[in-house]
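Keep the 3D view open as you read.

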Amino acid sequence: MSYEIKTGNKQEAPILWTGDFYNEGTGSGDIFDTLKEECGVFGVFGHPEAASMSYYGLHALQHRGEESAGICVADGRDFNYHRGMGLVKEVFDKDKIASLVGDMSIGHVRYSTSGDSRLTNAQPLVFKYRDGDLAIATNGNIVNEPLIRKQLEQGGSIFQTTSDTEVLAHLIARSQKDFVEATKDALSQLVGGFAFLLMTNDKLIVASDTHGLRPLVMGRLGEAYVFASESCALEVIGAQLVRDIEPGELLVLDQNGFREERFAEPKRKALCAMEYIYFARPDSDLNGSNLHSARKRMGSRMALEAFVDADIVTGVPDSSISAAIGYAEQTGIPYELGLIKNKYTGRTFIQPSQELREQGVKMKLSAVRRVVEGQRVVMIDDSIVRGTTSRRIVNLLREAGAVEVHVRITSPPFKNPCFYGIDTPDRRELIASYKTIAEMCEEINADSLAFLSPDGLIQSIGGYNSDDYKGGLCLSCFDNDYPTQVDFGGEEKDGCSC
């Protein structure tokens with residue numbers, strides 16, 4: 001099954017920016033309306049240079065969050081920690097890392113989507129409670145957090161942050177059980193997608209939600225254990241990937257060794273499909289599937305479902321390059337670098353003239369005129385959110401002389417908001433939720449537009465190699481089939497405020 005429509009080669013009037021600076025209001029300083037990564041976590045147990053290992057691990061996970069970074073280290077008695085706003089390399093230097101002494105650590109990079117972007121929300125969050133110190137780092141979103149927070153506040157709890165991670169600390173602190181059992185009870189009350197790292201003065205606890213919505217892997221480095229949101233963070237420190245953390249699993253690491261336990265029985269396995277499509281790095285492996293290879297298969301399947309005769313294939317950097325290579329290999333149409341991304345633009349706070357705002361998009365992405373001029377171009381991208389990004393890129397290619405631009409999206413139409421940790425607009429802002437494919441094609445000024453079918457996506461990822469429902473994937477942003485309850489009578493939230 002494929003989704004496709006053709007329209008005429010219609011030139012569109014330029015889209016003007018209207019803020020004080022060209023990327024105003026787009027989140028994290030990005031002028032494109034792409035989906036934003038959630039957060040990334042990294043943990044080390046039993047390594048004398050735990051802080052340094054965490055620094056390198058977080059650097060490898062930087063694409064998952066660019067607002068803040070933090071590392072907390074335990075030496076068996078005390079906590080040492082540092083957090084700051086900005087990139088990992090901006091938050092930490094040699095002296096700060098040297099001051100973080102201990103053989104156990106947890107780290108975090110953050111991109112807030114519903115929680116405030118401020119230092120108090122930077123993780124790991126650190127607390128004092130009756131049994132000593134507690135630090136928590138998480139990736140994901142607790143859907144019923146507003147309801148739990150309201151109940152806790154009515155019971156006398158005082159919150160210091162707007163991060164949903166803090167509710168877990170309050171639930172643990174209010175329990176009369178020992179730390180491990182209190183953590184199990186607390187986790188069992190949460191609904192959503194989450195990967196938690198919790199650290200006390202002498203313990204590290206690792207936990208994944210009952211559906212495995214957010215990725216979390218375990219590795220070994222000598223005698224040390226390492227945990228990360230993606231396996232690419234293990235590679236950078238030389239650790240070996242052992243396995244994925246299972247849904248509902250809780251691991252306890254302390255002086256007595258390593259224990260595999262559970263806080264709940266696993267439910268329908270539903271790892272976020274957008275990790276494969278967009279978020280995770282191509283050199284990461286999830287559930288035994290390499291991301292680069294999976295994305296190549298998506299491109300190949302896209303070619304089978306919606307072939308179009310053209311002169312060149314190009315991918316939107318960086319997440320769509322692998323898929324574009326797959327499309328090119330399947331069709332025999334040459335793959336070319338028709339689009340180049342400038343990785344060093346960062347945020348801008350200048351207030352240029354309207355004419356310069358028109359050129360703002362070209363600071364981040366450029367079309368290679370000598371490659372695309374006079375050519376029929378197949379443009380491969382991973383998703384369409386509001387449609388403004390696709391329109392801008394199509395127009396870049398047209399301005400560079402492309403005679404036709406055919407857009408192929410290696411995911412189904414994105415119609416529904418995410419409740420599990422991805423920054424998605426309100427449903428009314430998702431173009432696929434209110435426009436037909438024909439209308440979307442006209443909106444983005446393309447000659448044709450096609451989306452990968454849900455079955456094609458699942459097969460490309462490799463999901464049909466298992467008996468898991470929908471290949472063990474969460475496809476709710478495409479099909480509105482959420483694996484958990486998402487309605488709590490108005491006391492719920494989406495996005496991610498970890």
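Predicted model: local features only at pLDDT ≥ 70, side-chain atom pairs only at ≥ 80, totals over all residues.

Which residues lie on each of its faces? Ala224, Val226 and Ala228 are on one side, Tyr225 and Phe227 are on the other, and all of them are buried, so both faces are covered, given that buried means under 20% relative accessible area.

S11 has a partner on either hand in the strand order given below. Strand S2 (residues 39-45) runs antiparallel to S11, and four bridges join the two. Strand S10 (residues 217-221) also pairs with S11 in the antiparallel sense, over five bridges. Phenylalanine 227 is a handy landmark here: in S11 it is the bridge partner of glycine 43, and it is also the bridge partner of methionine 218. S10 and S11 form a hairpin with two residues between them. In that turn, glycine 222 has a positive phi of about 65 degrees.

## The sheet around it

Now zoom out to the open sheet of seven strands, whose order is S4-S3-S5-S2-S11-S10-S12, with antiparallel pairing. Strand S4 (79-85) and strand S12 (240-244) stand at the edges; each has a single partner strand, so one side of each is left without a neighbour in the sheet. On average, neighbouring strands of this sheet are turned by 15 degrees against each other, direction ignored.

Is H1 enclosed or open to the outside? Eight of the eleven residues of H1 are buried, so the helix is largely enclosed by the rest of the structure. The buried residues are Ala50, Ala51, Met53, Ser54, Tyr55, Gly57, Leu58 and Ala60.

## Positions marked in the record

UniProt, in an unreviewed entry, places the feature "active site" at Cys39. Cysteine 39 lies in strand S2, which is joined to S11 by four bridges.

The UniProt record, again unreviewed, also lists Ser319, Asp381 and Asp382 for "binding site". They are spread over 64 residues of sequence, yet they cluster in space, with a largest C-alpha distance of 7.9 Å. Aspartate 381 is found in strand S21 (residues 376-381). Leaving aside neighbours within four places in sequence, aspartate 381 is in contact with Val316, Ser320, Arg408, Ile409 and Thr410.

Elsewhere, serine 476 lies in helix H17 (residues 476-479). With neighbours within four places in sequence again left aside, serine 476 is in contact with Asn416, Tyr420, Asp481 and Tyr482.

| Residue | Relative accessibility | Class |
|---|---|---|
| Cysteine 39 | 0% | buried |
| Aspartate 381 | 5% | buried |
| Serine 476 | 2% | buried |

## A pair of helices

Helix H9 (residues 291-305) and helix H16 (residues 454-461) pack at an angle of about 145 degrees, with their axes 8 Å apart. H9 passes H16 in a right-handed crossing. On the H9 side, Ala294, Arg297, Met298, Arg301 and Glu305 take part; they meet Gly456, Leu457, Gln459, Ser460 and Ile461 in H16. The residues of this contact divide into four nonpolar, three polar and three charged.

## The chain as a whole

The protein chain has 17 helices and 24 strands, and 59% of its 498 residues count as buried. Among contacts between residues at least 6 apart in sequence, 71% join residues at least 24 apart.

Definitions and conventions: Residues numbered from 1 in each chain as written. Heavy atoms only, no water. Axes fitted to C-alpha atoms, helices over the stretch in contact; angles between N-to-C directions. Left-handed = near helix turned anticlockwise from the far one by under 90°. Contact = heavy atoms within 4.5 Å. Nonpolar A, V, L, I, M, F, W, Y, C, P; charged D, E, K, R; others polar. Buried < 20%, exposed > 50% of the residue type's maximum accessible area, 1.4 Å probe, protein only. Pairing = 2+ DSSP bridges. UniProt positions renumbered as here; feature names shortened; annotations may be inferred.
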